[in-house]
Amino acid sequence: MMELTVIGQNAEGGCSSSGCGSSGDQLSHLPDHIRDKVKDHPCYSEDAHHHFARMHVAVAPACNIQCHYCNRKYDCSNESRPGVVSELLTPDQAVKKVMAVAANIPQMTVLGIAGPGDPLANPARTFETFRQLTEKAPDIKLCVSTNGLSLPEQVDELCKHNIDHVTITINCVDPDIGAKIYPWIFWNNRRIHGRKGATILIEQQQKGLEMLTERGILVKVNSVMIPGVNDEHLEAVSKIVKEKGAFLHNVMPLIAEEEHGTFYGVMGQRGPTHDELQELQDKCAGDMNMMRHCRQCRADAVGMLGEDRGDEFTMDKVEEMQIDYEAAMEKRAAYQEAALATLEAQRSHTGETFVSLSSIKTLKRETRPVLMAVATSGGGVINQHFGHAREFLIYEASMTDIRFIGHRKVDLYCSGGDTCGDAETTLQKIIRILDGCEAVLCSKIGYEPWEQLEYAGIQPNGEHAMEPIEDAVAAVYAEMVEKGLPEKDVAKTGIQASA
């Protein structure tokens, strides 16, 4: 195979473009003090989420605004989206659960309160949880996510605890657009509707963002992309929040299925396509470091991003656990030290010339980018059977770099052993979800899915098991280039006409 070199990286191993999104560059252009805070934070660092875990505790039931895309559900284990929980906890229960998870999952570095309502609309419950954890589990980073309406009045209290990361959901900076997203807010003991309510919310969000950054608290901004409502506006949002000090922007797709019972879902408001989301993220990336690995977690999620171990830590099970937290802290510290060393080695490797693309530049024709889907269970390597994947990470390989684009959730194709049965319907759905991808990299794949994927124009590849993801993606891309990388001229007919 031809010898190739990645170009477009700066001396620190990062991409020359501030928002390119490859895991190697995502931290390199950040100031040292920010990079030190987020290097092992699975929600903020694209590559750290392969090695470290997070959990959310559901202690905040009330909310002070209404969003057209939100419907909070309690005692629900069948949906994976924000605002959904199986158990609503008291602060004491939440602390006990955090200690249990931290003792049993050494990868856990971050505890967040993100709902199911708004944490700052439930200040007593939220801050009592934080107060106890600051004292009892000082090795755990504490985070909070908020809509921002009550943020300015709570900044002083936030600064009293071990909280150095806050997420604000900012969907607009234009009240006319806000009125289409938020039917009302609850402000000064009364409900305020429409544009007037949206104006107050936007002003509070911007004020709170400025106050936090002035005090050295890192701020990530979440935005929900709603086609036809705020999709053309979010690029302006990205510029403004960056100017006011946010260090990371997470543009998420609207989740609006009718069965969720949200206003948008019932009214048939569609979510963005994968291409629309990527295009908007790329536009925003010119002005803001973009987060592309968000899983839009439940408000009681536990474990690595992309997995949920909440069923292992229901309160009835937690109550029976005997926990020696001091011993657990020693085990956690040892694991996390080793994991961070591995992560730093991978980052250093990514900054090197690990794949060559230099010879591609000698070609007279332009070499187009290629999307590839990757099956992984974590660790930054290709280590998952195609049939066992519940999601695929999507990477874009081009003549300049390897970019992480996002993730696509799928139904489990195989629930058995190494070979799977006749799961044609599920496979057809997976093929549809992987539309636009030209290769699937996994540790192993059965004959039936191989044949159907190949027929659909998606090339299965199991030759790079246990290899680092970016190295493998780059190697497959180099092979494609060597073979001529023809433009696709065959329609994706793998999903047969009967489907």
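**Helix packing, a buried glutamine and an exposed loop**

The protein has 14 helices and 15 strands, where helices (H or I, at least four residues) and strands (E, at least two) are DSSP runs numbered from the N terminus. The model is a predicted one, in which local features need pLDDT of at least 70, side-chain atom pairs count only at pLDDT 80 or more, and totals for chains, interfaces and linings use all residues. Residues are numbered from 1 along each chain as its sequence is written, and side-chain values use heavy atoms, with hydrogens and water left out.

Of the 499 residues in the protein, 55% are buried; buried means under 20% relative accessible area, exposed over 50%, and partly exposed in between (1.4 Å probe, protein chains only). Contact means heavy atoms within 4.5 Å. Among contacts between residues at least 6 apart in sequence, 73% join residues at least 24 apart.

The axes of helix H2 (residues 91-104) and helix H3 (residues 123-136) come within 9 Å and cross at roughly 40 degrees. Axes here are lines fitted to C-alpha atoms, for helices over the stretch in contact, and angles run from 0 to 180 degrees between N-to-C directions. H2 passes H3 in a right-handed crossing; a crossing is right-handed if the near helix is turned clockwise from the far one by less than a right angle, and left-handed if anticlockwise. On the H2 side, Pro 91, Asp 92, Ala 94, Val 95, Val 98 and Met 99 meet Arg 125, Glu 128, Thr 129, Gln 132, Leu 133 and Lys 136 of H3. These residues divide into 6 nonpolar, 2 polar and 4 charged, with Ala, Val, Leu, Ile, Met, Phe, Trp, Tyr, Cys and Pro counted as nonpolar, Asp, Glu, Lys and Arg as charged, and the others, Gly among them, as polar.

Helix H4 (residues 151-158) and helix H6 (residues 194-214) have axes that come within 8 Å and cross at roughly 25 degrees. The two helices are therefore roughly parallel to each other, a term for angles under 35 degrees, whereas those over 145 count as roughly antiparallel, 65 to 115 as roughly perpendicular and the rest as oblique. Leu 151, Pro 152, Val 155 and Leu 158 of H4 make the contact with Gln 204, Lys 207, Gly 208, Leu 209, Met 211 and Leu 212 of H6. By class, the contact holds 7 nonpolar, 2 polar and 1 charged residues.

Helix H6 also contains Gln 205. This residue counts as buried because its relative accessibility is 1%. Leaving aside neighbours within four places in sequence, Gln 205 is in contact with Asn 147, Gly 148, Ile 168, Thr 169, Ile 170, Cys 172 and Tyr 182.

Leu 234, Glu 235 and Ser 238 in H7 meet Leu 280, Lys 283 and Cys 284 in H9.

The loop between strand E6 (184-187) and strand E7 (190-193) includes Asn 188, and Asn 189 lies in the loop between E6 and E7 as well. Asn 188 has a positive phi of about 55 degrees although it is not a glycine, and phi of Asn 189 is near 70 degrees, likewise positive. Asn 188 is exposed, with a relative accessible area of 57%, and Asn 189 is exposed at 71%.
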